[in-house]
Amino acid sequence: MDLLRGVNIYLVGMMGAGKTTVGRILARELKYRFFDTDELIVRVANQSIAEIFDREGEEAFRELETKVLNELCAYQNSVVATGGGIVARSTNWGYLHYGIVVWLDVPVDELCDRLRSDSTRPLLREGDINSKLQSLFNERKRFYNQADVRVCISGGERPQEVARRAIEEIKKVIKSETSPELN
């Protein structure tokens, strides 16, 4: 997609939305590199995200997340899957706006189904998963709404289809930004 001219794509959304899976497909389709901020944090810290939360706390994790995002925005031709909470820091929006921000919007009920047996998510360890996810979504929705593109995902939709729809929505945004204004 030559319209992108090397501009990065940043995928945002709740945990379990499919940012990594869809991001890999998008990168392949666009002939871009793929990065996952969570994977890079694990590599840099040499410990799992759960270990970072346990040993150093969420704030330390968020600091690493911001540092990784800062490094990534210097690149071009990249699709970046971000952590679900990256949008909550205004500093991160300064970095995200170096590219096109795509919100993968999955209903909370669907996220619950996807994450019910996932024990690796520090923010889901305690309490009812449904109410915890709903609470996180309520806190973050206003930030997700700042994305350039929103892709609403229904249950059972294949990642390839989500990636295809994301590309179509990105094209619309680019075309509207590059079209001359008619007076």
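This is a predicted model: local features need pLDDT of at least 70, side-chain atom pairs count only at pLDDT 80 or more; totals for chains, interfaces and linings use all residues.
Close-up 1. The whole structure holds 3 aromatic pairs, and one of them brings phenylalanine 35 together with tyrosine 75. Their rings sit 5.5 Å apart, centre to centre, with 35 degrees between the planes, which makes the pair tilted. Phenylalanine 35 belongs to strand S2 (residues 33–36) and tyrosine 75 to the loop between H4 and S3, so this pair ties together parts of the chain that are 40 residues apart in sequence. Tyrosine 75, at 40% relative accessibility, counts as partly exposed.

**Close-up 2. Tryptophan 103 stacked with tyrosine 144.** Here's another aromatic pair, and this one is stacked: the centres of tryptophan 103 and tyrosine 144 are 5.5 Å apart, with 20 degrees between the planes. Strand S4 (residues 100–105) supplies tryptophan 103, while helix H7 (residues 129–144) supplies tyrosine 144, so parts that are 41 residues apart in sequence get tied together. Are these two residues buried or exposed? Tryptophan 103 and tyrosine 144 are both buried.

Close-up 3. Now for charged side chains: the count comes to 11 salt bridges. In one of them, arginine 24 meets glutamate 39 at 2.8 Å, N to O. The two partners come from distant parts of the chain, with arginine 24 in helix H1 (residues 19–30) and glutamate 39 in helix H2, 15 residues apart. Arginine 24 is partly exposed, at a relative accessible area of 39%. Glutamate 39 is partly exposed too, with a value of 34%.

**Close-up 4. Glutamate 63 reaching arginine 89.** These two side chains also form a salt bridge, again 2.8 Å from N to O. Glutamate 63 is in helix H4 (residues 58–72), and arginine 89 is in the loop between strand S3 (78–81) and helix H5 (90–96), so the pair links parts that are 26 residues apart in sequence. Glutamate 63 counts as partly exposed, at 36%.

Close-up 5. Glutamate 161 and arginine 164 meet in a salt bridge of 2.6 Å, N to O. Both sit in helix H8 (residues 159–178), and being 3 residues apart there, they're separated by about one helical turn. Glutamate 161 has a relative accessibility of 30%, so it counts as partly exposed. Arginine 164 is partly exposed as well, at 42%. Elsewhere, salt bridges that share partners join Glu58, Arg62 and Glu65 into one network.

**Close-up 6. Valine 42 and what it touches.** Valine 42 is part of helix H2 (residues 37–45). Its relative accessibility is 33%, so valine 42 counts as partly exposed. Which residues does valine 42 touch, not counting those up to four places away in sequence? They're Gln47, Ser48 and Ile49. Arginine 28 is 14 residues from valine 42 in sequence, and the two are 23 Å apart in space, C-alpha to C-alpha.

**Close-up 7. Glutamate 110 beside two glycines.** With a relative accessibility of 19%, glutamate 110 counts as buried. Setting aside its neighbours within four places in sequence, glutamate 110 is in contact with Gly155 and Gly156.

Conventions:
Residues are numbered from 1 along each chain as its sequence is written. Side-chain values use heavy atoms; hydrogens and water are left out. Helices (H or I, at least four residues) and strands (E, at least two) are DSSP runs, numbered from the N terminus. Buried means under 20% relative accessible area, exposed over 50%, partly exposed in between (1.4 Å probe, protein chains only). Contact means heavy atoms within 4.5 Å. A salt bridge is a side-chain nitrogen of Lys or Arg within 4 Å of a carboxyl oxygen of Asp or Glu. Rings of Phe, Tyr and Trp (its six-membered ring) pair if their centres lie within 6.5 Å; planes under 30 degrees apart count as stacked, over 60 as edge-to-face and the rest as tilted.
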